[in-house]
Structure formats: C-alpha cells, structure tokens
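Hello,

Here is the structure I promised to pass on. My notes follow below it.

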Amino acid sequence: MTPCFRFSVPGPRKAFPPRWLLIFGGVLAVVAVASACCAGASPDRAFAADTHAYFAKLQKLGFAGVVVVDRARSPIVAEGFGLADRERNVRWSPSTISDIGSITKQFTGAAILLLQEQGKLAVTDSLPQYFEGVPQDKRSITLHQLLTHTSGISDLDNAGDYDAIERDEFMRRILAQPLSSPPGTQYEYSNAGYSILGAIIEKVTGASYETFVRERLFLPQGMKETGYVLPKWDFKRVAKGYAHDGPWGTILEKPFAADGPYWVLRANGGIHSTPPDMIRWGYALLDGKVLSAASMKSYWTPHVSETGDSWYGYGWSIQKLSDGSPLITHNGGNGIYFADMAIIPGQHIVAFLQTNVADTFPLAEGLLQSIEARLIEGTPYPSVPEMIDVPESRLSKLAGTYRFDADNSVDVASRDHGLQLTPHGGKAFALVVSTRKVDPARCDDLSARIKTIASAFTNGDYAPLAEAYEHRVTPEVIQKAWTERVHEWESAHGKLTGFDVIGTAMLRERDMTLVRFNFERGNEWRAYVWDKDAEHRLLGSSARGLAPDVHCVPVPGGGFASWDPLSGDSRPFAFETAVKPALLHVSAGDQVFDARRTE
C-alpha cells in the first residue's frame, strides 16, 4: 500500500496516508441527482452537472470507478464510470463491490472505542496487558499510540499483504523488530500497528476480527455487503483490478486464511464494501448510532499532526475547510485499487469513491482537492483535454522522426487513438516533456547532478544523495532503502548493469530528472524530484512520477494535447503538414520549438 502523488524520501513502505476528499471516474454508467427538496438543491444540481461534464471528458482518458456524494441522506452524485471487469464487460455502478484499503482502519478504531465503552479495555492500556514477552523497548506502547501511528512500530520487514503469516507469528516477528522511534515521540504511518489492534480485539472478544466488526458495527447499520469473507456476495459484482501490464485480479483471489486475510493485511486494510454501505456508515457515525458522544469526540479528535494542515485521530485524518469547519477523511489502496471517504459534519455531507485502475491512472489520488473545492468553494474543475475520435489514417500520416537538431529528436507513433512522442536526447526530453517554460541550463545541471549522485550510490557511496536531501535522511537510511529496492529489482530482472539519465523536465509544480536503471533482463525507472523554487533541493523520488514518452490525444481544432495521468498536466502540440518536410510545433509555457520530420 502506497500513498495522492507524494514524493518519498527513502524509507519504509507506507499505506496511503489520509488525504483530502473524494472522486474518481471513467465511462458513464449511472447518474443520480438530488431532488428539489434537498437543501441547497440548485447549487447541488450545478455541482452534479459540472461533475458529470468533467468526468465525461476524463472517462475517455482512462478512468474507471464510482463516486457517491450525499447531503442529508439525499444523493447529489451517485455515478459509475468505466469497467469494473473488462473481460466480462461489467460496468462500474454504485452496487459494485471493491476493496476500500486503509479505510479499514476506521473500523478498527471504532471497535477499540466500543470495547472501551464496554469496560473491556482502555486506550491507555499497554502491550504487556495483552501479549507475553514484550521487549523492554516496546513495553510502554499504548493502544492510543497504535491508533495514532505514534508507537514507533514499523511494518513487518520482508513481508507482503498476502504472505501466510498467522497471528502469533506476526506478533513474534513484529515485536522482535527495532522501533523506528521511541513510543509516543513521532508520527509514522504504520499498518502493523493496526494489525496489533486487530489482534487485541480478537483476544478480548474471543471472536475473529471480522466476526466482531460485522456483528457489532456493520449489521446494526444495515451494512450487509461489507467485510472480508462473511458477506454473501455475488462475485460477478466484484471489481477486478488492472495494472499497466494487464489484469491484476481481485484481492479475494489472493491467499487468505479461513477467517479472512493473513496478518500483514488484517485489521489495517483489505475490507471490501459498496458505496451504499459506506454512506450508511457515515450517517451512522453522524447520527451517534455507532459510538457514544464521548467516544466520537476521541474518534475524531486531531490527536497528532501528520502535516502542517492535517491531524490524525483514531483511523481518520482530520483537516479544516476554509471556514474552519472540520473535514474528516481517510483513503487507502494497494497501488491497484484506491478508495476514499470524506465526511463534512457541519454540512451533513458523506462522500465515497472506489477505483480499480490506480496503477494506470494515479491521478485518482490527487483529484481530491479539486472535487472538494468545487463542492464547497464553487471553484471550477481543472481544465483537461477534450479527446475526440479521429481516423487512424490521419494519425499514421503524422508518424515519423522529427529533429530539433543533430543530437535531439522525437519519434512520433500512432497509439491508443492518439500519438506517442518519444524524445531522444536531453534537450528533446526537456522540450517534449516540460509543461512550463524551459530553462535548458537548469535541466542540464540537474541531469548532471543526478548522474553524479547515482554513480555514487550505485557504487556504495550514499553521502551525495543524503546531501541532496539536505540531510533530512541519513546515508544509513538511504543505504537500507536502496539495498532493499535493488534486491527486489534483481530478483525480477537479474544483475544491475548500469543506469542512464534520460533527462530533466520542468513541470507545473516541480522539476524531475528521469533515470533508467538497466538490468540483465529489463529495466526500472525512477524520477528524482526537485524543488522548482530552489537551486538544488531534492525532495524525493517516485517510481511513477515521470514517463520516458508523452501520450497526446486529438482535440477539437485539429491539434493535439498531452495528458499526464499522474499530475493532470496537459500542453498543446501541433503539426504543420502543408510544408515539406512537415513540422512539429512543441509549446512549453510561452515558448514554441519546432522539430522537422526527416524524410
């Protein structure tokens, strides 16, 4: 599980951290608009219409999923987009069943508070009250610290979500690992901490985790289709996940124990649900049907800071809207599936989304601010290309190699109802991939710096990378992260043989340098992310932050526009075929560069 577009300094794998608000989509399937009796019906209708129009454009660009936005128990939007199962041509709808990822954590938090109300535990309890042989460095860890990701417990080393690790083995291994920080001193998102809470729930209740949350949380609220293995689902309604290389399948097809997932995933992620069930859950919380008023206060209290404008409660992220009122959110996913939930108590709004294409359309994790801004502030949706259909014959006529100069060119090919532009040479990469005004000298400088840094850390010297990070991470942490990454890569591709710096692009919010690491049987890509407002401040790296080519779609007027499914960046491209040889006009900010086709 990994976090919207974020840049990661080397460190432990994290689940999706809680983020803003709501929506995701693709091909239109179902629309429901609030009735006239709903308070603020006219603004809500305008929001629904704008949302539909926005995603009518996005659907052609590859989205698939569902979104529900509900005010005072009246749906403003309840809309499915794209295919939940491509092989069977099953479309997404509000009745589709899909993984909700780390949204699972709010159920674990509620279960702990419910047991506290019953006098069976307290959030001030420490680990030795539930487990034997707790090492000295972990004996002071409390349930409160587990709930707020301040226990210092990191996720289990060398273990995946579907590894067959039972509860006792999980606890033995997790307690044997060193802490990342002393208990109670630092926020660090931890899936394992919530699995420990799940183990405590099982010990206290004598039931499986799912049995307890289903009987005490789900069924009383009418949530019959939420769970791990107990709901009687029609599996034709379960969304199938998709990755860049094709079908990924469903989580329910992965190795599970008889009573649910194994313990790397249990109680912290992996529960499946539907939008109607999650909307029921949101209103049950707002109406005080799940927890007492005192427990709800603890549940949504901003206990610890995540960032400057976000705090963590008990399985929820708490933020503030521009008027100071609270926004209660959490999201989650595994890189294939992504889900998000938001509650605005002051406006009695509950919103929920799911998608099965987070790998191919990672922008799903970053659309949340735009939807929240449109719903609450009335801010227009961002501009996206309006893709149109054009004959394949027109696209194929534009194919070829276009040269900027002797050392820099771009190959143009017809692909996926549009054009793929593949630059060759550092200057060509900067001109084709950048979305703001290009500074060639800065691009060359950043590319050269990454070449020096990568030469060092691939040969065991991690100090230059730590210096580029302004020592926000130590060489030791970088070494550990790099060693683990290379081990994973070499397991798939054979020995690392070298690397190539492809170039640097200047994007709307950041500068990025793309590196290809070469192996005996294939390659891996990393994008190194620079602060665009600082000379040499490296922010982190991303496995999917930049591609070696650009996809362009045809738009009205005869031109083309690029589309980046990670950032949402777009820019115009135009071809002039009346001249011979034909010209490709590349725009970057207010600059225009011409490349001439080779005959």
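**Thr108 and the chain around it**

Thr108 sits in helix α2, which spans residues 104-117. Helices here are DSSP runs of H or I with at least four residues, strands are runs of E with at least two, and both are numbered from the N terminus.

This is a predicted model: local features need pLDDT of at least 70, side-chain atom pairs count only at pLDDT 80 or more, and totals for chains, interfaces and linings use all residues. Residues are numbered from 1 along each chain as its sequence is written, and side-chain values use heavy atoms, with hydrogens and water left out.

Why does Thr108 count as buried? Its relative accessibility is 0%, and buried means under 20% relative accessible area (1.4 Å probe, protein chains only).

Thr108 touches Tyr194, Leu197, Gly198, Ile201, Tyr209 and Ala267, leaving out residues up to four places away in sequence. Contact means heavy atoms within 4.5 Å. With Tyr209 there is also a side-chain polar contact of 2.7 Å. That term covers a pair of N or O atoms within 3.5 Å; within protein, one must be able to donate a hydrogen and the other to accept it, and residues adjacent in sequence count only if both atoms are side-chain atoms.

Now the whole protein chain. Its secondary structure comes to 14 helices and 27 strands. Buried residues make up 56% of the 599 residues. The C-alpha atoms fill a box of roughly 80 × 65 × 45 Å, taken along the principal axes.

Best wishes

How values were computed: Buried < 20%, exposed > 50% of the residue type's maximum accessible area, 1.4 Å probe, protein only.
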